[in-house]
Amino acid sequence: GAVQLDEVFESDFVARLQQHFEHKYGRHFHDGHHPHALRTGDKRYMLTLELDEAFGDPQLVASGLLMPFVRSLLGDDCIMTTYTAVISLPGAKDQLMHKDFSPLFREKGWKFKIPCWSLQAIVPIVPLDTATGGTAIWKGTQRMSEARSRKQTDVHVPEVPLGSVLLVDYKTAHAGRANQSGHVRPIVCLAYARP
């Protein structure tokens with residue numbers, strides 16, 4: 001349901017993203033009312049990113065190292081469907097386990113045996129570790145209902161360094177872990193799908 005790709009982005013490129021993100025979206029770096037952001041948990045906010053000079057850079061949204069992996073799973077005609085950032089503030093608690101979208105089909109009997117139809121590329125703006133809170137992945141849940149996924153105990157929380165990407169099948173159960181650091185933890189989330 002997930003794979004980590006290391007050294008996709010150069011450190012100076014990520015540093016520019018960090019500076020630009022703080023300058024443009026730093027007003028969301030506190031807990032409170034944010035009319036242009038969606039609260040996604042305790043001290044967590046999701047906002048849509050603008051395709052500007054930094055976050056619209058083809059090196060990020062259509063990375064020459066990342067896109068071959070995306071296309072191998074979704075096909076050469078895949079498209080970017082959503083582009084967000086999730087901000088976890090210091091002291092944010094564990095997010096509840098969830099799947100980002102409901103199943104494509106309501107009929108019973110197909111048992112989740114469909115190929116990946118959409119995935120999310122998680123690009124950390126700060127390293128994801130036990131202090132800042134990584135993304136917990138419930139292994140094998142891309143082939144299970146959400147109810148059955150809640151019973152799974154095989155959970156992996158990868159540490160994702162700067163420059164790396166965590167690719168997650170949209171059918172996979174996951175949750176952001178607590179931010180125990182004293183710093184804001186933003187991640188960029190690029191979603192790609194079959195057309």
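User: What does His156 touch, leaving out residues up to four places away in sequence?
Analyst: His156 touches Thr135, Ala136, Ile137 and Lys139. Contact means heavy atoms within 4.5 Å. One caveat: this is a predicted model, where local features need pLDDT of at least 70, side-chain atom pairs count only at pLDDT 80 or more, and totals for chains, interfaces and linings use all residues. Residues are numbered from 1 along each chain as its sequence is written, and side-chain values use heavy atoms, without hydrogens and water.

User: Is His156 buried, partly exposed or exposed?
Analyst: His156 counts as partly exposed, at 40% relative accessibility. Buried is under 20% relative accessible area, exposed is over 50%, and partly exposed is in between (1.4 Å probe, protein chains only).

User: How many salt bridges, then?
Analyst: Seven. The criterion is a side-chain nitrogen of Lys or Arg within 4 Å of a carboxyl oxygen of Asp or Glu. One of them pairs Lys24 with Asp52, with the closest N and O atoms 2.7 Å apart.

User: How far apart in the chain are Lys24 and Asp52?
Analyst: They are 28 residues apart. Lys24 is partly exposed at 23%, whereas Asp52 is buried at 10%.

Notes. Helices (H or I, at least four residues) and strands (E, at least two) are DSSP runs, numbered from the N terminus.
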